Amino acid sequence: MWKAFAYFLFTCLAVVSRAFAGVGEDSLNRYDMLDPEDKLCASFIYQQGTVVLNNGVVLSVPEGYRFLDAVQGRTLVERLWGNPQNPGFLGLLLPQPGSRPDSILFGIEISMDETGYLSQQEALQLNYTALMQKMQQHLQQENNWRNKKGLSTVTDMYWALPPAYHETDNTQHLVRILQLGKNVSFLNYEMRILTRTGALSLTAVANTSQLNTLQTLMPSMVGNIHMPVGQRYLDFNPHTDQIAAWTERVLRMGELLDARHFFEWLLNTWLFVAVCLVMVLFIYLMQYFHRRRELPKQFFHVDERLN
């Protein structure tokens, strides 16, 4: 009887081991059949819970999402998705597979913009028409880079919503529509959390149909960001910290685009031109009368007979 029981146990172990071997071989074969890009994505290690970014900012990963660190995120965004390099890239939030956010957006890129401190007064006075013009100029340069790489280009970009600045949490909300060709477009929702040295930028990329959803999702993300002491917006020191230089030109462009400032500038310009014309006319008249002035009379007479 013991021999029969031992034989039965050995048979069961053999069958189970073959089953596991078959599963292992099947999964290995499936992995070998993947494209190199899919293999690379399958090797990514995602994080959940609380994550500390490279600049010390603490991120609480929202439920239904997973975080990809800066090194792996760069590989996905730049190498696989074909985007240009972002020096301030910190990581990427991606929806969990099969979760509800999977149908909301493709991902949220987190980056740091060290362009200097932006005061509330400047943020409130910023002319977003001029800012869009500067963005479109930068887009042309990026399209040249995409053409060299053989990638699709963005043919148009415009505001999906009027840009806004929220004083309560010091955030700028820039919502753009990016057009690829005639029929393809997607939403680019950038929320900039102002800091002592610039802004922590969270940029969500989604279908244009998800605009209303992102209007609720993105402002709520502020509660998932914990800025360390020394980097907060209120930690700004006017004696040592750098002021955002890019806003000065945008504000000047905004003044020119404003009707009241435009006519003031035009009046001042015509006044300057009029003063210059008066000065030129005065110099011309002085030279004219100087040439018409008679030569001084001779004080002695030369007798030609002496020659």
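**Pockets, salt bridges and a surface patch**

Modeller: The second largest pocket has D169, N170, I193, L194, T195, V222, I225, M227, Q231, R232, Y233 and L234 as its lining. Keep in mind that this is a predicted model.

Biologist: What volume does the second largest pocket have?

Modeller: About 210 Å³. By class, its lining splits into seven nonpolar, three polar and two charged residues.

Biologist: R232 is on that list. Which residue does R232 meet in a salt bridge?

Modeller: That's D235, with 3.1 Å from N to O between the side chains. R232 has a relative accessible area of 36%, so it counts as partly exposed.

Biologist: And D235, buried or exposed?

Modeller: Buried, because its relative accessible area is 18% and the cut-off for buried is under 20%.

Biologist: OK, now the largest pocket. How much space lies in it?

Modeller: About 1,600 Å³. It is lined by 48 residues, and those closest to the centre are H138, E142, R176, N188 and T203.

Biologist: You put R176 among the residues closest to the centre. Which residue forms a salt bridge with R176?

Modeller: E190 does, and the closest N and O atoms are 3.0 Å apart. E190 sits in strand β9 and R176 in strand β8, so the pair ties together parts 14 residues apart in sequence. Both E190 and R176 are buried.

Biologist: Which residues are linked with them in a network of salt bridges?

Modeller: D113 and R192: together with R176 and E190 they form the network.

Biologist: How many salt bridges does the structure hold?

Modeller: Seven. One of them joins the side chains of E78 and R74, at 3.1 Å from N to O.

Biologist: Where do E78 and R74 lie?

Modeller: Both are in helix α3, four residues apart, which is about one turn of the helix. In an α-helix there are 3.6 residues a turn, so residues three or four places apart point the same way.

Biologist: Which residues in α3 are buried?

Modeller: A70, Q72, G73, L76, V77, E78 and L80. R74 counts as partly exposed, because its relative accessibility is 26%.

Biologist: What follows α3?

Modeller: G82 does, and it has a positive phi, near 75°.

Biologist: Switching to the outside: which residues form a nonpolar patch on the surface?

Modeller: L281, Y284, L285, Y288 and F289, with about 540 Å² of accessible area together. L281 lies in helix α8, residues 259–292.

Biologist: Last one, E63. Where is its place?

Modeller: In the loop between β2 (58–60) and β3 (65–69). E63 has a relative accessible area of 80%, so it counts as exposed.

Key. Residues numbered from 1 in each chain as written. Predicted model: local features only at pLDDT ≥ 70, side-chain atom pairs only at ≥ 80, totals over all residues. Heavy atoms only, no water. 1 Å grid on protein atoms, 1.4 Å probe; cavity = no way out; pocket = protein on both sides within 12 Å on 5 of 7 lines; lining within 4 Å. Points joined across faces, edges and corners; volume = space filled by probe spheres on them. Nonpolar A, V, L, I, M, F, W, Y, C, P; charged D, E, K, R; others polar. Patch = residues over 30% accessible without salt bridge, like charges linked within 9 Å, V, L, I, M, F, W, Y side chains within 5 Å. Areas by Shrake-Rupley, 256 points an atom, 1.4 Å probe, with all protein chains shown as cover. Salt bridge = Lys/Arg side-chain N within 4 Å of Asp/Glu carboxyl O. Helix = DSSP H or I, 4+ residues; strand = E, 2+ residues; numbered from the N terminus. Buried < 20%, exposed > 50% of the residue type's maximum accessible area, 1.4 Å probe, protein only.
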